[in-house]
Amino acid sequence: MLDIRLGDNGEIVITGRLDASQAERVESFLEAIEEPKIVDFSDLEYISSLGLGVLLKAQKRLTGSAGAGLTLVNLNKHILDVFRYSGFDRIFEIRPTDAE
Amino acid sequence: MERTFKRSVNALEKVFAFIGEFFDDEQIDGNHLYAISFSVEELFTNMLKYNVGASRDILIALRKLDNRLEVRLTDFDVDPFDITKIEEIDVSRPLDEREPGGLGIHLVKKLVDRIEYEYVDRRSTTTVIKMLG
């Protein structure tokens with residue numbers, strides 16, 4: 001189960017599990033974004049490699065056209081590991097959880 | 001514990017439920033669940049992507065041996081596809097040189113302790129091993 005929407009402060013909120021069966025939906029949502037955004041991962045449990053690819057595609061487009069891209073906040077430990085192993089911690093601005 | 005799954009990304013929900021069931025039955029530390037789910041999804045979706053002409057369901061077998069977890073995915077009547085032979089990608093490249101895709105196998109290699117591949121009688125089997133220590 002996955003949900004993606006704009007939060008009260010204009011941030012992107014993704015909840016649930018971003019696996020291959022949900023990647024297209026997230027890609028469509030992100031394609032409509034035309035300015036730098038914060039993406040809140042507080043309630044995102046899981047992201048697969050296809051999900052990472054969708055975020056990368058959005059980041060490339062936004063940094064090219066808007067000058068800045070997505071800032072990711074509140075990643076859980078496992079997702080943060082995957083971002084580090086991917087080198088995505090150098091491609092996205094990542095802010096740690098409040099607890100860290 | 002083993003089960004077969006339809007060749008569709010829509011089968012992933014059932015695949016994850018199967019993995020969760022196995023973790024519960026074997027009382028495996030939930031900290032390992034992400035690595036195993038990620039690896040199984042990557043191998044499963046690679047089989048869908050690269051073994052296009054195949055029609056049979058994909059077999060997933062999970063086994064716990066002492067402090068070791070073995071996950072085996074088998075695709076039947078297909079050409080070989082050995083993920084252990086795939087070249088490493090360079091994750092230090094800047095954004096403008098990165099492309100979506102190609103990351104999955106690199107990440108599986110990071111998340112598990114060993115990957116083995118076997119191809120016999122047009123049966124393609126990839127096994128990942130995760131130490132539970």
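The crossing of α2(B) and α3(B) is left-handed, meaning that the near helix is turned anticlockwise from the far one by less than a right angle. Helices here are DSSP runs of H or I with at least four residues, strands are runs of E with at least two, and both are numbered from the N terminus. This is a predicted model, where local features need pLDDT of at least 70, side-chain atom pairs count only at pLDDT 80 or more, and totals for chains, interfaces and linings use all residues. Residues are numbered from 1 along each chain as its sequence is written, and chains are lettered from A in the order in which they are written.

Back to the two helices. The axes of α2 (residues 33-50) and α3 (residues 104-111) of chain B come within 10 Å and cross at roughly 145°; axes are lines fitted to C-alpha atoms, for helices over the stretch in contact, with angles from 0 to 180 degrees between N-to-C directions. On the α2(B) side, B:Ala35, B:Phe38, B:Ser39 and B:Glu42 take part, meeting residues of α3(B) that include B:Ile105 and B:Leu111. Contact means C-beta atoms, placed from the backbone, within 7 Å.

Next, the sheet. Chain B has five strands in an open, antiparallel sheet, ordered β1-β2-β3-β5-β4. Strands pair if DSSP finds at least two bridges between them. β1 (2-5) and β4 (114-120) of chain B are at the edges with a single partner strand each, so one side of each has no neighbour in the sheet. Between β3 (residues 68-76) and β5 (residues 123-131) of chain B there are nine bridges; B:Val71 has B:Val128 in β5(B) as its bridge partner.

Terms used: Contact = placed C-beta atoms within 7 Å.
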